[in-house]
Amino acid sequence: MTKNEIVIDVKNITKKFRIYMDKGSQLKERLIFRKRNRYEEREVLKGISFQVKKGEAVGLIGHNGCGKSTTLKLLTKIMYPDSGEIIMKGRISSLIELGAGFHPDMSGRENIYTNASIFGLTKKEIDARLNEIIAFSELEEFIDNPVRTYSSGMYMRLAFSVAINVDADILLIDEILAVGDTNFQTKCFNRLRELKAKGMTIIIVTHDLSTIEKFCDRSVWINNGLIVCEGRSDEVVDAYRNFMNQKRVESEPEPIKENPEPVEEKADNNNNNNNNNDNNNIDYSANRFGLKYVEIKKAEMINSENKDVRIFRTGDALSVKIHYHINKPLEEYVFGFGFYTLEGECLYGNNTQLDRMKINSKKTDGVISVVIEKLPLLAGKYVLNVAVVDSDGTPMDFYRNYCEFEVVSDDRSTGYFSIEHEWRI
Amino acid sequence: MKTLKEIYDYRQMVFSLVKKDLRGRYKGSVLGFMWTFINPLLQLVVYTVVFSLILKTNIERYYLYLFVALIPWIFFSASLTGGSASIVAQKDLVKKIYFPRQVIPISYVTSSFVNMLLSFIVVFIVIIFSGAGINFLAVLCLPVIMIVEYMLALGTALIASAVTVYFRDLEHILGIVTMAWMYMTPIMYDKSIVPEKLLPLFNLNPMTHIIGCYRDVLYYKTVPQLSALLSSFILGIVFLISGHFLFLKLQRHFAEEL
């Protein structure tokens, strides 16, 4: 076979599933409740075509239910398309179900024979590969023990070793590369690279986009049973990630619950402290503490569409709006906010005093906003703290972990902040 | 033809599944694999007690007369009832991995067949100890009869297993069908007592001929009639071919139906 030969040719395949409202597969039900056999036809694939050349690694991506796993099942011939055609050249092996047919009472060695036979290997072929399979699984000492004595990691290692040593021309992989420890995963990937270099064609279905970027030459993005785009993996993955982020930001439900009740209890305690008028009694370890001369009624996180949400995109506008109530007027109020990691590490914090502002409102209720034009935080989950203190820094209402929020990002940098940069050579 | 070659390529899978089935069958029992031999022996004891002490028959060595017919029948009925459930039972495999689906009923029937072969060891021991004697020339025909029965059993198992996927009642219906089928086959009685009117029906039943052949060889110690063997052979081929094609057609939607 030449390098450029097309080994997988998928021609305009469609697939419908019947979703039964109330399926009776028994005679009685079929006869008596004939009307109950109503079903809904759902078109999972609406005409998909793509080609794969020998030695290529292609990733199939898309969100849940988009049809990528169905496509893979059609490729393995577990199912057949309703229309269209799939032409595959060469022996096919699949890493869809690991450890198929493993019998717990049989030894690892015997299970290698059973499992490999399910992939269509003859005894002779298995004999020839046996040592390699055992060596790859790193289970030499345990290979004659019954499989039921294995840990789940050992079990998966054995199963993966068999599947990867089948020597197929085409390997189909579905979401199962999370095998064993990191070392073993690296080993698996190296092995896959070796196989690919030898000319094996590989198709991977996964949600792990970094795997796709690292490993696949090309990717196909499927949405609602149709191909959205295909091409170089990094480009397709970027387009997909962008689409998914947009979708998440848009679909995020309306405002989220305020902080849980324990905080309120603390607030009451603090109120007692307040009555005692003893600054030293402030419980600084609480989530919310302070003398309550000024109280934070609520804080909002406003996005560019003027909605209070908890999910943002890097580079989007974000305003933190603090609603406050004054119980006992002070000369000066200092408002602050901070972004923290979930582990409690401060990423950024600032207040009106540091920014050399003087706030002395006479109104009992008011709002103060801090506007961030371009949110620099990278993808991840963060915590918002809000606080109001007096000019000496004595806490009036210090609200730790006010809420969590999430940032999604097209920026693939690591760390917490996006920094404008470019590379020069 | 391509399918047949593929099934042949997966012969190791058949072998593995048969081995797993035979080993797993008596798993956890104290006597383990010995049950393969004890089971038919105990059945023999029961039938002997019933038919020589209670329901007296005038067939000489009735226990042997029955035994040589019962063991092949058990193989056939197990293939039919167990075979019908075989694909549903392996649905995890069918839904997740590609392999020629025929492998499953083939393995099931083969494992029942191996079980029958092992039971035949007991049959021969009984024949020797009963002093009935053996006609070696006739025994040479035995493998042919067994192969014909295997074809018949496999053909029916292919049909039953594929249809059961779509229609689960079949498994239970077949329980009754095999019972009726057993009484419609001269196993416990002689074909000579069958009323004239019903004879055509009995002759259509392929198992009538096959049981007759077993009995010719092992009980009457004669070489079976070629015509009986030939007609069951033709029926075996017909069952196998129609089973094969029906299975091919039905297996396309297995993964969705399971």
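This is a friendly conversation about reading a predicted model, feature by feature.

Colleague: Let's begin with the sheets. In what order do the six strands of the open sheet in chain A run?

Modeller: Keep in mind throughout that this model is predicted. The order is S5-S6-S7-S3-S8-S9 in chain A, and the pairing is mixed. At the edges are strand S5 (92-95) and strand S9 (226-232) of chain A, each of which pairs on one side only. Neighbouring strands in this sheet are turned by 15° against each other on average, with direction ignored.

Colleague: How many bridges join strand S6 to strand S7 in chain A, and which way do the strands run?

Modeller: Five bridges join S6 (residues 170-174) to S7 (residues 201-205) of chain A, and the two strands run parallel. On the S5 side, four bridges join S5(A) to S6(A), again in a parallel run. You can follow one residue across: A:Leu171 in S6(A) is the bridge partner of A:Ser93, and A:Leu171 in turn has A:Ile202 in S7(A) as a bridge partner. Further along, A:Asp174 stands opposite A:Val205 in S7(A).

Colleague: How should I read the side chains of a strand? Which residues of S6(A) point one way, and which the other?

Modeller: The general idea is that side chains in a regular strand alternate between the two faces of the sheet. In S6(A), A:Ile170, A:Leu172 and A:Asp174 point one way, while A:Leu171 and A:Ile173 point the other way.

Colleague: Is S6(A) enclosed or open, and why?

Modeller: Five of the five residues of S6(A) are buried, so the strand is largely enclosed by the rest of the structure.

Colleague: Which strands does helix H8 of chain A lie across?

Modeller: Helix H8 (residues 233-251) of chain A lies across strand S3 (57-61), strand S8 (218-223) and S9 of chain A. Its direction is at about 135° to S9(A).

Colleague: What span should helix H6 of chain A have?

Modeller: Helix H6 (residues 182-197) of chain A has 16 residues, and at 1.5 Å a residue they should span 22 Å. The C-alpha atoms at the ends of H6(A) are 22 Å apart, which agrees. Just after H6(A), A:Gly199 takes a positive phi of about 110°.

Colleague: What about residues other than glycine: which of them have a positive phi here?

Modeller: As a rule, most residues other than glycine have a negative phi. Here A:Glu138 has a positive phi of about 60° although it is not a glycine, and A:Arg356 has one of about 55°, also without being a glycine. A:Glu138 lies in the loop between helix H4 (123-137) and helix H5 (152-164) of chain A. A:Arg356 is found in the loop between strand S15 (346-351) and strand S16 (365-372) of chain A.

Colleague: Are those two residues buried or exposed?

Modeller: With 16 other C-beta atoms within 10 Å, A:Glu138 is partly exposed. A:Arg356 has 6 other C-beta atoms within 10 Å, so it is exposed.

Colleague: Where does A:Tyr324 pair?

Modeller: A:Tyr324 is in S13(A), as the bridge partner of A:Ile296. S11(A) and strand S13 (residues 318-326) of chain A pair in the antiparallel sense over eight bridges. They belong to an open sheet of three strands, in the order S11-S13-S16 (chain A), with antiparallel pairing. Its edge strands are S11 (294-302) and S16 of chain A, and the twist averages 20° from one strand to the next.

Colleague: Last, how many residues of chain A are in contact with chain B?

Modeller: The count is 25 residues of chain A, in contact with 20 residues of chain B. Helix H2 (68-76) and helix H3 (108-118) of chain A are the elements that give two or more residues to that side of chain A. H3(A) gives the most, with four residues. By type, this side of chain A divides into 10 nonpolar, 10 polar and five charged residues.

Notes:
Residues are numbered from 1 along each chain as its sequence is written. Chains are lettered from A and ligands numbered from 1 in the order in which they are written. This is a predicted model: local features need pLDDT of at least 70, side-chain atom pairs count only at pLDDT 80 or more; totals for chains, interfaces and linings use all residues. Two residues are in contact if their C-beta atoms, placed from the backbone, lie within 7 Å. Ala, Val, Leu, Ile, Met, Phe, Trp, Tyr, Cys and Pro count as nonpolar, Asp, Glu, Lys and Arg as charged, and the others, Gly among them, as polar. Two strands pair if DSSP finds at least two bridges between them. Axes are lines fitted to C-alpha atoms, for helices over the stretch in contact, and angles run from 0 to 180 degrees between N-to-C directions. The expected span of a helix is 1.5 Å times one less than its number of residues. A residue is buried if 20 or more other C-beta atoms lie within 10 Å of its own, exposed if 12 or fewer, and partly exposed in between; C-beta atoms are placed from the backbone.
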